[in-house]
Amino acid sequence: QADELIAQGTLLTLQEFKDTYMTEKGNYLSDTTLYRTRATKDGKNYLFAIDTIPVSDTPIYIRGRVTTDDYAGNFYKTLCIQQVFVNGSDTPQQALRLSVDAGSIGGLYQLGQEIMIRVDGLAIGRYANQPQLCLPSYNNNIYANKAEEKVGWASGRIPIAIFKARTTCIGMPDQSKLYYETLKITDYNSILDLEAARSWDAKLVRIKNVHFTGQYYNNGTPAKCTTGDPETDQNAN
């Protein structure tokens, strides 16, 4: 079924999809559709942005294997997918978040399940600088913490009925096909450029030989943890 759908449309890799449709400022910002007030600090880099994708007579698809579940961490109403060694690329893996309005979505799309999604008519945006397949959503929660910074348009969740109608499962879940890049902490903790950081989001990595130093940061300066009772000593090891 997937091959038949692809033959009738256009299949983009995850990186091609982001490069084609995701712009810095997005196409949703206007005098009447304002982003949340902290979308940008400098007017150049947008942490929050939305690019809508026009409906196409020729369907546009992306595909990838699910890398998240409800046990591995806090992926609330979110799936992440990866593609590996795509079209001879020297990039080991490409990755993307999918923002879907469904709790326990890992029960529907399990870890290792390959899926294909029709994306025209949806949107690609960034939420806290994290690229994701989404739909525009307006936040007017005046009771939120620092609500004045959060009112406005941002990338929001795709209703589950829409997502299911656009998504095709390919084969059965196979966790053995997930790819983990082996990295050192220094390979990425010096990346301070906001645009460069986006290509790392949602990737699977493995860091070997990690150990805790027994230190904490005291106003930016490393200090030794104490051996006190952690219920009463916030600096206990």
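The largest pocket has a volume of about 390 Å³. Of its 17 lining residues, Ser99, Tyr127, Gln132, Ser155 and Arg157 are the closest to the centre. The model is predicted: local features need pLDDT of at least 70, side-chain atom pairs count only at pLDDT 80 or more, and totals for chains, interfaces and linings use all residues. Numbering runs from 1 along each chain as its sequence is written, and side-chain values use heavy atoms, without hydrogens and water.

**Pocket**
- A pocket is an open set of points on a 1 Å grid over the protein atoms alone, where a 1.4 Å probe fits, with protein on both sides within 12 Å along at least five of seven lines; lining residues have an atom within 4 Å of a point.
- Strands E5 (93–101), E8 (130–139) and E9 (152–156) each supply at least two residues of the lining.
- E8 gives the most, with four residues.
- The lining divides into four nonpolar, nine polar and four charged residues.

**Surface patch**
- Ile185, Tyr188 and Val210 make a nonpolar surface patch of about 250 Å².
- Patch residues have over 30% relative accessible area and no salt bridge, and nonpolar side chains are joined within 5 Å.
- Isoleucine 185 lies in the loop between strand E12 (181–183) and helix H4 (194–198).
- Isoleucine 185 counts as partly exposed because its relative accessibility is 40%, between the cut-offs for buried (under 20%) and exposed (over 50%) with a 1.4 Å probe and protein chains only.

**Glycine 112**
- Glycine 112 sits in the loop between E5 and strand E6 (114–118).
- Glycine 112 is buried, at 0% relative accessible area.

Technical notes: Grid points are joined across faces, edges and corners, and a volume is the space filled by probe spheres set on the points. Ala, Val, Leu, Ile, Met, Phe, Trp, Tyr, Cys and Pro count as nonpolar, Asp, Glu, Lys and Arg as charged, and the others, Gly among them, as polar. Patches are made of residues with over 30% relative accessible area and no salt bridge: like charges are joined within 9 Å, nonpolar side chains (Val, Leu, Ile, Met, Phe, Trp, Tyr) within 5 Å. Accessible areas come from the Shrake-Rupley method with a 1.4 Å probe; for residues, only the protein chains shown count as cover. A salt bridge is a side-chain nitrogen of Lys or Arg within 4 Å of a carboxyl oxygen of Asp or Glu.
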